[in-house]
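This report describes the architecture of one protein chain for a reader who is new to structural description. Please consult the sequence and the structure shown below while reading.

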Amino acid sequence: MKKCNKCNRHLPITNFHKDNFKKDGLRTICKECTIDTVKKYREANRGKHNLSSKNYRDTHKDKVRESNRSYIKRNIIKVKDSQRRRIEKHRKEYDDYHKQYRKRNAEQLAIKARENRQTEKGKEISIKHHTKRKRNLGWSKLWNNPFPDEVKIEWHHINNLLVIPIPKRLHQLIRGKTHRHRCNDLIDKLYNIDLEAILI
Ligand SMILES: [Zn+2]
Ligand SMILES: [Zn+2]
């Protein structure tokens, strides 16, 4: 039993909401009183805030828009910077959340993953991952990196087995489905070699 600080009744602890910040882990006022308080507050403040700010926005629409725009114009770097920071901050929260989630639900997720692998779509994805891994493990360098240290390079797969070093910036320009084909063409020109002959 616990005494409610508002209605002063002695009630079973199931009549109190949980509150981890309290010593005994329970709110000081009973559920009934809590609900009553919230209800009264809502009634007293119904639409007050929303209405007044909406009214202001309606009567000052152009003014507000203009002021927003000119602020952004004057502070474009600051605005972009804060936008970027906001995105980064939330990305971290999001990543953390998912990390925690995966940790907490590792068992169920493993079961689900096993189930998914039984479906058609799941099989397809699993094969894709498998070939990608195989491709990454199986590569061998056709020749060593000829570029100086300050040039960042990536290893381009001319086929599923062989890789060639090309400057990262150049490699990343060639994106999309036909990447390998177009990249091979470029290498033909860059190194002045006939890849076709190697690949046969
Ligand atoms: Zn109460
Ligand atoms: Zn490539």
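## The strand pairing

Strand 4 and strand 5 (residues 162-167) run antiparallel and are joined by 5 bridges. One of the residues involved is Ile153, whose bridge partner in strand 5 is Pro167. The structure discussed here is a predicted model.

These two strands belong to an open sheet of 3 strands, arranged in the order 3-5-4 with mixed pairing. Strand 3 (140-141) and strand 4 (153-157) stand at the edges of the sheet, and each has a single partner strand, so one side of each is left without a neighbour in the sheet. In general, the strands of a sheet pair through backbone hydrogen bonds, and the pairing may be parallel or antiparallel.

## Secondary structure and overall form

The protein chain contains 9 helices and 5 strands. Following the sequence, these elements occur in the pattern β-β-α-α-α-α-α-α-β-β-β-α-α-α. The radius of gyration of the protein chain is 31 Å, whereas the globule rule gives 16 Å for 200 residues; the value is well over the rule, and the chain is therefore more spread out than a compact globule.

Along its principal axes, the C-alpha trace of the protein chain spans about 90 × 55 × 35 Å. Of the 200 residues, 4% count as buried. Considering contacts between residues at least 6 apart in sequence, 16% join residues that are at least 24 apart.

## Domains

How is the protein chain divided into domains? Domain 1 covers residues 2-45, domain 2 covers 48-104 and domain 3 covers 139-199. The C-alpha centres of domain 2 and domain 3 lie 43 Å apart.

Helix 1 (residues 31-45) has 15 residues, which at 1.5 Å a residue should span 21 Å. The expected span is 1.5 Å times one less than the number of residues. Helix 1 is hardly covered, as the count of buried residues among its 15 residues is 1.

Helix 8 (residues 179-190) may be examined by the same reasoning. At 1.5 Å a residue, its 12 residues should span 16 Å, and its end C-alpha atoms are 16 Å apart, which agrees. Just after helix 8, Asn192 takes a positive phi of about 55°.

Methods:
Residues numbered from 1 in each chain as written. Chains lettered and ligands numbered in written order. Predicted model: local features only at pLDDT ≥ 70, side-chain atom pairs only at ≥ 80, totals over all residues. Helix = DSSP H or I, 4+ residues; strand = E, 2+ residues; numbered from the N terminus. Buried ≥ 20, exposed ≤ 12 C-beta atoms within 10 Å, placed from the backbone. Domains from an automatic or database assignment. Rg over C-alpha atoms; globule rule 2.2 N^0.38 Å. Contact = placed C-beta atoms within 7 Å. Pairing = 2+ DSSP bridges.
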